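Dear colleague,

I am passing on the structure below for you to look over, and my notes on what turned up in it follow directly after.

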Amino acid sequence: MAALLQLSRIIDAINERVGKTAAWAIVIAILVSAINAIIRRLFGVSSNAWLELQWYLFGAVFMLCAAWTLRVNEHIRIDIISNKLSKRGRDTIDLIGHLFFLFPFVALMLYLSVPYFIRSYESGEVSSNAGGLLIWPAKGLILLGFISLALQWLSELIKRIAIMRGQLVDEHAATGHHSPEVEAERLIAELAEKNATSGGEPPGDGIR
């Protein structure tokens, strides 16, 4: 198990680094969109390449940050059910979800993505829009995203088994998902504490 946990830590580090790097594509997409809008407004010139680049950047964020999202436990849960279960019950649901839902989905998408990307790459597929970009890099992002998600699935499975066996502390046990009401109370408490520390007025004071 020690060797598997070391593998898990390596996967976590790689996917976190990839996710944090890919997240900057949001900033680039905003800049591309703004520049494209300014040029179109001032000079009446537009380009399909600029528009497609925005889509590619969004796709990069969506696909390459998915594994990082799973790593930091920010994927969607049904809180109404999970918050009422014991720690053991939540761990069991996570294990079942990883084995019978996430794994089949990722395996199917990998099976479909490999030929999908290879055909596009071998044909040098280009956008059908005038002045458009190459298509195969975007399809490559789909494949790369599911490869990283498959690796993170393995990491999460290893960690969940180790946690259930008492060989690893669950780092998300105290910071898991909360209901909107609990999260709102936490944020208000944080704001109040910051205002008290800085000597400022509580949020909303002075507003009539």
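Helices here are DSSP runs of H or I with at least four residues, and they are numbered from the N terminus. With that in mind, this predicted model reads along its sequence as α-α-α-α-α-α-α-α, with 8 helices and 0 strands in the chain.

On the scale of the chain, 29% of the 208 residues are buried, and the accessible surface amounts to about 13,700 Å², 69% of which belongs to carbon and sulfur atoms. When contacts between residues at least 6 apart in sequence are considered, 74% of them join residues at least 24 apart.

Helix H6, which covers residues 87–123, has 37 residues and spans 51 Å from its first C-alpha to its last, close to the 54 Å expected at 1.5 Å a residue.

In helix H7 (residues 136–164), I would draw your attention to Ser155, which counts as buried because its relative accessible area is 0%, where the cut-off is under 20%. Leaving aside residues up to four places away in sequence, Ser155 touches Ser8, Ile11 and Asp12, and the side chains of Ser155 and Asp12 are joined by a polar contact of 2.7 Å.

Technical notes: Residues are numbered from 1 along each chain as its sequence is written. This is a predicted model: local features need pLDDT of at least 70, side-chain atom pairs count only at pLDDT 80 or more; totals for chains, interfaces and linings use all residues. Side-chain values use heavy atoms; hydrogens and water are left out. Helices (H or I, at least four residues) and strands (E, at least two) are DSSP runs, numbered from the N terminus. Buried means under 20% relative accessible area, exposed over 50%, partly exposed in between (1.4 Å probe, protein chains only). A polar contact is a pair of N or O atoms within 3.5 Å; within protein, one must be able to donate a hydrogen and the other to accept it, and residues adjacent in sequence count only if both atoms are side-chain atoms. Contact means heavy atoms within 4.5 Å. Accessible areas come from the Shrake-Rupley method with a 1.4 Å probe; for residues, only the protein chains shown count as cover. The expected span of a helix is 1.5 Å times one less than its number of residues.
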